Amino acid sequence: MIIRHCVLKPILIVIMGATGTGKSRLSIDLATRFYPTVEVINADKIQVYKGLDITTNKLPLHHRCNVPHHLLAELDTSAEELTRYEYRQLASSVVSDIVARRKLPVVVGGSNSFIQALVGDQIDPVDREGIRRLRYRCCFLWIDVEMQVLREHLCRRVDQMVKAGMINELAEFYGSIGFTGRAGIGKAIGIAEFKPCFKPGGTFFGLEEEEGCCERAVEEVKVNTCRLAVKQIRKIQRLREAGWDLKRVDATAAFRAAEEGKTADEAWEMDVVGPSVKLVQRFLGL
């Protein structure tokens, strides 16, 4: 399938949503339905850095299904914080390259400030007219999950991250940087919370202190992740109020099924993938 972009306003699919709602999963689902047309552009301000793959919840390589990904683990761990202006410049260049090859760029991420910087006519977050005017023809897909269901999922996901090796990953990170921290990847949830558990060099304090400290850090990660989700949803709602035509896709049933130990794939296909594919097809005039 060849995408015919307007010269003045190229086409963009934008997948938005709070952390943990399945944005990356949906991007791959869409990519497989529109293969080999789709290329994914990351819009997560933490996942743009290399390293801490577990802590930052990067989509594993084997889950990307050979779909090209851009601005994912792009910057070195030592890089300073990427500004909205810098992201706009980088992402705009990637979009232009994808469009020139008549492919379909799909922007995915929870950093709404980055998304706004890329697609908005103005970068200033308080310029409502600039927010309303868009540089691209955008199909906005907003994956939404009822907050209580999402909270339970996020807490369970943190436990899974710990089992997957998050603490050892952080120990290695602290061993490489000491306690100076960084303004870029250093803002990832998990780094500040676990900092009191480590000595300089990335080693734990005594065993008794280690156990209690890690338990407290895990709980703090859960609380701060849920706070981030609430903040992201509020920003999405403000963008909708500002005039963005956000198509809400309710993934609550799929998440509730997973929480109850049931097979959630069927609900995900029916409630999330199916409606999203139809919205994109309609937007593309297919």
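How far apart are Arg33 and Asp29 in helix H1, counted in residues and in helical turns? I started my notebook with that. They are 4 residues apart in H1 (residues 23–33), so about one helical turn separates them. I keep in mind that I am reading a predicted model.

**Entry 1: the chain as a whole**

I looked up the overall figures next. The secondary structure comes to 10 helices and 6 strands. The chain has 286 residues, and buried ones make up 51% of them. The accessible surface comes to about 13900 Å². Carbon and sulfur atoms hold 51% of that surface.

**Entry 2: salt bridges around Arg33**

I went back to Arg33. A search of the whole structure gives 14 salt bridges. One of them joins Arg33 to Asp29, with the closest N and O atoms 3.9 Å apart. Asp29 has a relative accessible area of 12%, so I noted it as buried. Arg33 has 39% relative accessibility and therefore counts as partly exposed.

Which other residue forms a salt bridge with Arg33? I found Glu269, with its closest N and O atoms 2.6 Å apart. Glu269 lies in helix H10 and Arg33 in helix H1, so this pair ties together parts that are 236 residues apart in sequence. Glu269 is partly exposed, at 35% relative accessibility. I wrote down the set: Asp29, Arg33 and Glu269 are linked in a network of salt bridges.

**Entry 3: Glu81 and Lys187**

I picked another salt bridge. The side chains of Glu81 and Lys187 meet at 3.1 Å, N to O. This pair links distant parts of the chain, 106 residues apart. Glu81 sits in the loop between strand E3 (69–70) and H2. Lys187 sits in the loop between H6 and helix H7 (191–194). I compared the two ends. Glu81 counts as partly exposed at 33% relative accessibility, while Lys187 counts as exposed at 54%.

**Entry 4: a buried charge**

Which side chain of opposite charge is nearest to Glu169, and how far away is it? I found Lys58, at 7.3 Å. Glu169 is buried and has no salt bridge. A salt bridge needs nitrogen and oxygen within 4 Å. I placed Glu169 in helix H6 (residues 166–177). I also listed what Glu169 touches, setting aside residues up to four places away in sequence: Leu52, Asp53, Ile54 and Thr55.

**Entry 5: aromatic rings**

I turned to the rings. The count comes to 3 aromatic pairs. Tyr87 and Phe114 form a stacked pair, 4.3 Å centre to centre with 10° between the planes. Tyr87 lies in helix H2 (residues 84–100) and Phe114 in helix H3 (residues 112–119), so the pair ties together parts 27 residues apart in sequence. I checked their burial: Tyr87 is buried, and so is Phe114.

I looked at another pair, Phe140 and Trp244. The ring centres are 4.6 Å apart and the planes stand at 20°, so this pair is stacked. Phe140 lies in strand E5, and Trp244 in the loop between helix H8 (207–241) and E6, so parts 104 residues apart in sequence are tied together. Both Phe140 and Trp244 are buried.

I then searched for charges over rings. Lys45 lies over the face of Phe114, at 5.5 Å from the ring centre. Arg137 lies over the face of Phe283, at 5.1 Å from the ring centre.

**Entry 6: helix H9**

I ended on helix H9 (residues 252–259). Which residues of H9 are buried? I noted Thr252, Ala254, Phe255 and Ala257. The cover over them includes strand E5 (137–144), helix H5 (147–163), strand E6 (246–250) and helix H10 (265–284).

I took Thr252, which lies in H9, for a separate look. Thr252 has 3% relative accessibility and so counts as buried. Leaving aside neighbours within four places in sequence, Thr252 is in contact with Asp144, Val145, Glu146 and Val149. I also looked up Leu150, 102 residues from Thr252 along the chain. The C-alpha atoms of Thr252 and Leu150 are separated by 8.0 Å.

Notes:
Residues numbered from 1 in each chain as written. Predicted model: local features only at pLDDT ≥ 70, side-chain atom pairs only at ≥ 80, totals over all residues. Heavy atoms only, no water. Buried < 20%, exposed > 50% of the residue type's maximum accessible area, 1.4 Å probe, protein only. Helix = DSSP H or I, 4+ residues; strand = E, 2+ residues; numbered from the N terminus. Contact = heavy atoms within 4.5 Å. Phe/Tyr/Trp six-rings, centres within 6.5 Å; stacked < 30°, edge-to-face > 60°. Lys NZ or Arg CZ within 6 Å of the ring centre and 35° of its normal. Lys, Arg positive; Asp, Glu negative; His and termini not counted. Areas by Shrake-Rupley, 256 points an atom, 1.4 Å probe, with all protein chains shown as cover.
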